[in-house]
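The sequence and coordinates come before the discussion.

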Amino acid sequence: MKPAVFLDRDGTIIENVGYLRRLDQIAPFPWSVDAIRALNRAALPVVVITNQAGVARGFFAADFVDETHRALTMRLEAGGARVDAYYYCPHHPDGKVEQYSITCDCRKPKCGMIDRAASDLGLDPARSFFVGDTWLDVGAGRAAGARTILVRTGAGAEEERSLKPPDLSADAIVDNLAAAVSWILLHLRSGDRAIGDVDRRSPI
Ligand SMILES: [Mg+2]
Ligand SMILES: [Zn+2]
């Protein structure tokens with residue numbers, strides 16, 4: 001069982017545009033490719049974990065979420081960065097589309113998506129990290145037993161100021177995904193440090 005890095009999508013990897021409904025709204029932050037590539041080089045699996053209640057609300061179809069993730073993958077791969085897997089929750093208890101309008105076990109702050117990823121990919125949440133821009137992300141990461149980092153991009157700056165739920169705290173609050181990745185690489189436990197193939201091949 002390996003450590004991994006779980007990343008929220010909207011407001012963490014890409015600009016938060018509310019409900020993203022068109023592929024041309026996908027806007028990675030300028031540092032996202034380099035930050036994810038650094039995780040790849042450290043041989044840490046990168047797993048996106050995202051609430052997409054727009055499916056339950058009827059704003060877009062589940063297929064569109066998959067299409068979004070294929071498009072994001074292409075953008076990241078153009079810069080040499082790789083996401084190992086995507087998990088999304090299409091549900092919301094107050095949705096309009098019947099099949100998705102349920103109280104599920106995957107919508108963050110629940111940790112169903114992390115648990116599923118851990119079992120699918122052989123990951124150890126207790127040695128992993130969750131990075132996101134809302135307390136829902138921190139709550140989900142914490143529920144799974146991971147260390148958690150709140151970023152100030154997206155909704156994060158406002159979340160930090162005003163909305164912290166009682167009894168919830170992040171292990172770190174940093175400006176953005178690049179800073180979060182630096183924090184993760186500094187705080188990897190010794191047994192979790194792996195050198196990826198890319199590092200072995202590069203000079204110096
Ligand atoms: Mg977010
Ligand atoms: Zn769900």
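**Metal site and sheet**

In sequence, the donor residues of the magnesium ion (ligand 1) follow the spacing D-x1-D-x122-D. This is a predicted model, in which local features need pLDDT of at least 70, side-chain atom pairs count only at pLDDT 80 or more, and totals for chains, interfaces and linings use all residues. Residues are numbered from 1 along each chain as its sequence is written, chains are lettered from A and ligands numbered from 1 in the order in which they are written, and side-chain values use heavy atoms, with hydrogens and water left out.

Q: Which residues are the protein donors of the magnesium ion (ligand 1)?
A: Donors are N, O and S atoms within 2.8 Å of the metal (3.2 Å for Na, K and Ca); water is not among the atoms, so sites may look incomplete. The protein donors lie 2.1 to 2.2 Å from the ion, and they are Asp-8 (OD), Asp-10 (O) and Asp-133 (OD).

Q: Is Asp-8 buried or exposed?
A: Buried means under 20% relative accessible area, exposed over 50%, partly exposed in between (1.4 Å probe, protein chains only). Asp-8 has 6% relative accessibility, so Asp-8 counts as buried.

Q: What is the order of the six strands in the open sheet?
A: Strands (E, at least two residues) are DSSP runs, numbered from the N terminus, and two of them pair if DSSP finds at least two bridges between them. The edge strands, each pairing on one side only, are strand 3 (85-89) and strand 6 (172-174). The pairing is parallel, and the order is 3-2-1-4-5-6.

Q: What is the bridge partner of Val-5 in strand 2?
A: Strand 1 (residues 5-7) and strand 2 (residues 46-51) pair in the parallel sense over three bridges. In strand 2, the partner of Val-5 is Val-46.

Note on methods
Helix = DSSP H or I, 4+ residues; strand = E, 2+ residues; numbered from the N terminus.
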